[in-house]
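Have the viewer open and follow along as we go.

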Amino acid sequence: MVHLLPLEIPGMSKILLVDDEPAFLRLAAAWLERQGHTVATAADGAQARDLFQQAHPDLVLLDLVMPPERTPEAGLALVPIFATVPVVVLTAHAEHELALRAVAAGAWDFLAKPVEPDLLRFVVSRALTKRALEQEVATLRATRVPDDGIIGASPAIQRLKDMIRRIGPAEVPVMVLGPSGSGKELVARALHTAGPRHAGPFVAVHCGAIPAELLESELFGHLKGSFTGAHQDRQGLVAAAHGGTLFLDEVGEMPPAMQVKLLRFLQEGTYTPVGGRQVLTADVRVVSATHRDLETMVAQGAFREDFYYRLKGLILRTPALAERRGDVALLATRFLVDASRHCPLRLTPDALAWLAAQDWPGNVRELRAVVTSGAALAEGNAVTPADLAFARSGDPAALAPIPPATLAEAVAELEHRMITATLAATGNNHSAAARKLGLSRVGLLKMMNRLGLRRSNL
């Protein structure tokens, strides 16, 4: 029996108290209510489930030994269900292993009976603080500014985002350097969004994808009859970007003759359409990008020095994926969401480990392609390392099951397969599945916990 004292617990929250001892339930509930909390009580697991759905508590205090089974397994089975809020497990079975299992199942903390009032007050206060912080974070996320599309939490990406925040409002040209596939256009768009021209157009032109003889017309426009095929006047991309941002992607591929003509526009803000004589003006912010070493190209005479310094302004560098390996799982998860909107998929832990272990010479672009293709190959609701390996290499051998490395792994794989199949055949009825497998219900639940099947089959 816990000796309850009228101690103060900060805050007023809804608490669900689950225990099969009537005296403890009555006294603990009265003590919590004296602190200003609303308390709902349940004496068994079924009642606790119902109250959790109805009361939407901020905290669950849960006894592990629940009727009718009266085994710790019954209480442990409830933890994942309640784990959307902090769960503090209360039990007279103060074994270290049981504490670890409760935490592994999703419990926030673990207290052995009899509970000291001061310790209970501390744990409840800490759990409610966690809940308040989670709700605050959810509110902030719901009201945050639109996503800039740059995914990552690594130091390299955080530094890049900070520089975008600082440089975005400036009107100076920006050159984005970095390897192919590292997200240079995303950075350019983020600079546009962060600046005063965000309401204006963002116009991108790939300088290496347009034939040299057509690039001038694409940028500056042309008049009808100025060349074969010019059947009407056409506005160029410079005019289309007026009031906004002109993004020159892979500017290192721009022909020297075009560099001269664009240099005049960068210096004076004026240009002449192909076949025209009237000088026009456009007000744009120029952001350029390249994966090439422009300083070396300047030294070799392959890129105009005056053009380089007009474009250069401020320089931002996008990191290669090898410099931000901690972002691989976050990126892959986001790409999988995008690729499986109509049929949600997940990456298995082994698949995430496989992705993190790979070298990505193609950077984020290559990672996205592999995850998207792996999603198309997935069977069921999970993307496996074999799906990803085949998506990357095209080798059918990658789809062959990887044999277990040890006897223990082989046994675990067989147990996993048999239990999963039997649960499916019995409609997820644990008692019926246990009988089919020749196990006790408790033995089956223990095996499911060990194999990581418990959460997904409740």
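This is a predicted model: local features need pLDDT of at least 70, side-chain atom pairs count only at pLDDT 80 or more; totals for chains, interfaces and linings use all residues.

Elsewhere, salt bridges with shared partners link Glu171, Arg197 and Asp283 into one network.

Let's look at one pair from that network. Asp283 and Arg197 form a salt bridge in which the closest N and O atoms are 2.7 Å apart. Asp283 sits in the loop between β10 (280-281) and β11 (285-290), while Arg197 sits in the loop between α7 and β7 (202-206), so this pair ties together parts that are 86 residues apart in sequence.

The side chains of Arg189 and Glu185 meet with an N to O distance of 3.2 Å. Why can these two reach one another? They are 4 residues apart in helix α7 (residues 184-194), so about one helical turn separates them. Arg189 is partly exposed at 38% relative accessibility, and Glu185 is partly exposed at 29%. In general, side chains of opposite charge can pair when their charged atoms come close. Across the whole structure, the search finds 17 salt bridges.

Now for the strands. Five of them build an open sheet: the 5 strands follow the order β7-β8-β11-β6-β12, with parallel pairing. At the edges are β7 and β12 (314-317), each of which pairs on one side only. From one strand to the next, the twist averages 20°. If you zoom in on β7, you will find 5 bridges joining it to the parallel strand β8 (residues 245-249), and Ala204 has Phe247 in β8 as its bridge partner.

Helices pack against this sheet. Helix α12 (residues 305-312) touches β6, β8, β11 and β12, and its direction makes about 95° with that of β6. Helix α6 (residues 155-167) lies across β6 (174-177), β11 and β12, running at about 155° to β12.

Another stop is strand β1 (residues 14-18), which is mostly covered, with 4 of its 5 residues buried. Strand β1 runs parallel to β2 (residues 38-42) and is joined to it by 5 bridges; here Val18 stands opposite Ala42. Between β1 and β2 the chain passes through helix α1 (residues 22-34), giving a right-handed β-α-β crossover. Strand β1 also runs parallel to β3 (residues 59-63), with 4 bridges between them, and Ile15 has Leu59 in β3 as its bridge partner.

Our last stop is a pair of helices. Two packed helices are described by the angle between their axes and the distance between the axes. For α14 (residues 349-357) and α16 (residues 385-393), the axes come within 8 Å and cross at roughly 35°. Asp350, Ala351, Trp354 and Leu355 in α14 meet Pro385, Leu388, Ala389 and Arg392 in α16. Sorted by class, this contact of α14 with α16 has 6 nonpolar, no polar and 2 charged residues.

Methods
Residues are numbered from 1 along each chain as its sequence is written. Side-chain values use heavy atoms; hydrogens and water are left out. A salt bridge is a side-chain nitrogen of Lys or Arg within 4 Å of a carboxyl oxygen of Asp or Glu. Buried means under 20% relative accessible area, exposed over 50%, partly exposed in between (1.4 Å probe, protein chains only). Two strands pair if DSSP finds at least two bridges between them. Axes are lines fitted to C-alpha atoms, for helices over the stretch in contact, and angles run from 0 to 180 degrees between N-to-C directions. Contact means heavy atoms within 4.5 Å. Ala, Val, Leu, Ile, Met, Phe, Trp, Tyr, Cys and Pro count as nonpolar, Asp, Glu, Lys and Arg as charged, and the others, Gly among them, as polar. A crossover is right-handed if, with the strands pointing away from the viewer, the path from the first strand over the helix to the second runs clockwise.
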